[in-house]
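Have a look at the model below.

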Amino acid sequence: MGVKGDLPGGGTSARSGGLLGTGGPTFLTTKLDFVVNWGRRNSLWPMPFGTACCAIEMMASAASNYDISRFGMERMSFSPRQADVLICAGRVPYKLAPVLRRIWDQMPQPKWCISMGACASSGGVFDVYSMVQGIDTIVPVDVYIPGCPPRPEALIYGLMMIQEKIRQESLSHHFELRDEDPLSVARPRATAEEIVGLTGPFGNSTQQDEIAGGVGVTGPAEPTDDPTP
Amino acid sequence: MTDHVKDGLDALDEGPRPSDAIAPGPSAPEANRNEHPSVAALFERFGRSVVHHEVVSGGQHVVHVEPGRNVEILTWLRDDPEHRFDLLADVTAVDLGGGAPIQVVYQLFSIPHRRALRVKCLLPLDALEVDSVVPLWNTANWLEREVYDLFGVTFRNHPDLRRILMPHDYAEGHPLRKDFPLRGRFSRAEQTRRALAQDVDRFYIPAERAVGREPQEVFFPESPEADADEATRDET
């Protein structure tokens, strides 16, 4: 048995207790955390999921004026298999939701997610029949960047917050941080009550909702033809 | 809130009714038909089937024609050497709400004669059917699918009439109709659940983008036999 089995968070030692303890921080694990997190946070490869004007700002961030390569986002990874951080830049319609979810499911751990802009974070002004009201109902989000669209500085700040988050991680928390239920694939991230609670009508939609008799909020939630088994 | 807006909202609240209850008068007065040579010829040839003619937006000539004869009239407009409306720029629809008939709009342009014409068919809400013009202009295929998807107008003899913008299993109706609630008919939770339950593999197959590949029996097969057909087709 090599070192792998003895490292906390690797092999079985985090549960059974190896040379380095049962998960509490020790001198060795903190030094190892430092090295691992240093490597992770300085080689974040973004998976760009750009659907709207936020993607223009994301491209500007990658171009030479702002140049997120300076922070280790050296390469925009257009394959989710080699990506570390998903940047969802722009509005996501319901028709695109399974695509976003599949890309997230395809990304290997460890992975992080940035919701860039008002539309990705909350639906923005698109409080309409076709638009996802915040991608946190689809995938878990680490950092929300406000703005419509956010400037490249804001995106870089968001990425630096991801880096800060990585810096504070510890391998002894590996199983909690990387917990992922395979059965939750293609299931909404949030519960039905959470989604309804978070996506109440606002602004013009309030009036529209009253006109429609509130069917957009509480109405016939269950269709007759259920597509899922 | 002005009375005008309030009346419009009340009409929305009640939803559409069959248009026999109201007389949907033409919005603009009858224009001089001799300003546009094609309009004059249309009146001469089709007489009472051309219901109305108006000029909007400073020079855009609009004719309302009988829905039952739309293909006949459009064929003549396309093929007659004096008119030659060979470009179908757009097919769209207008729902004015309050039970008014839905207008199907054909935006024509004649490249040889540098001439534009807008042809409208008014369909009452209880008979949303009109003949397809795909045999005349192939570009009408997707445009009519869009009108079907968003307004619920059925195009007879369309080769592949199914939804194009909304998901194929969308069950909430036709979103651009005035009686459609802005946020949809289902709760957000149900919409999210249905969205994630979509079968992405089946929906985004390459054949979805292929035109003229006998699409209608390949897409969304319901039975295992149809699945097998699809597999053999991909192998060949």
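Val65(B) stands opposite Cys121(B) in strand S5(B). On its other flank, Val65(B) of S2(B) is the bridge partner of Val50(B). A quick word on terms: helices (H or I, at least four residues) and strands (E, at least two) are DSSP runs, numbered from the N terminus, and two strands pair if DSSP finds at least two bridges between them. Here are the two pairings of S2(B):

| Pair in chain B | Sense | Bridges |
|---|---|---|
| S1 (residues 50–56) and S2 (residues 60–65) | antiparallel | 6 bridges |
| S2 and S5 (residues 115–123) | parallel | 4 bridges |

The hairpin of S1(B) and S2(B) has 3 residues between the strands, and Ser57(B) takes a positive phi near 50 degrees there.

This is a predicted model, where local features need pLDDT of at least 70, side-chain atom pairs count only at pLDDT 80 or more, and totals for chains, interfaces and linings use all residues. Residues are numbered from 1 along each chain as its sequence is written, chains are lettered from A and ligands numbered from 1 in the order written, and side-chain values use heavy atoms, leaving out hydrogens and water.

So how enclosed is S2(B)? Since 6 of its 6 residues are buried, S2(B) is largely enclosed by the rest of the structure. Buried means under 20% relative accessible area, exposed over 50%, and partly exposed in between (1.4 Å probe, protein chains only). Gln60(B), Val62(B) and His64(B) cover one side, with His61(B), Val63(B) and Val65(B) on the other.

Now the core. A nonpolar core is a set of buried Ala, Val, Leu, Ile, Met, Phe, Trp, Tyr and Cys residues joined through side-chain atoms within 4.5 Å. The largest one has 44 residues, and Leu42(B), Tyr106(B) and Val119(B) are among those with the most contacts inside it. S2 and S5 of chain B are among the elements that each supply at least two residues of this core. Another core, of 21 residues, lies apart from it and includes Met47(A) and Leu100(A).

Helix H5(B) (residues 188–196) is mostly covered too, with 8 of its 9 residues buried. Those buried residues pack against helix H4 (97–106) and helix H8 (192–198) of chain A.

As for confidence, pLDDT is the predictor's confidence in each residue, from 0 to 100. Chain B averages 78, and 73% of the residues score at least 70. Over residues 8–23 of chain B the pLDDT is below 50. Where pLDDT is low, the predicted coordinates should not be read in detail. The model scores ipTM 0.73 and pTM 0.74.

Note on methods
Contact means heavy atoms within 4.5 Å.
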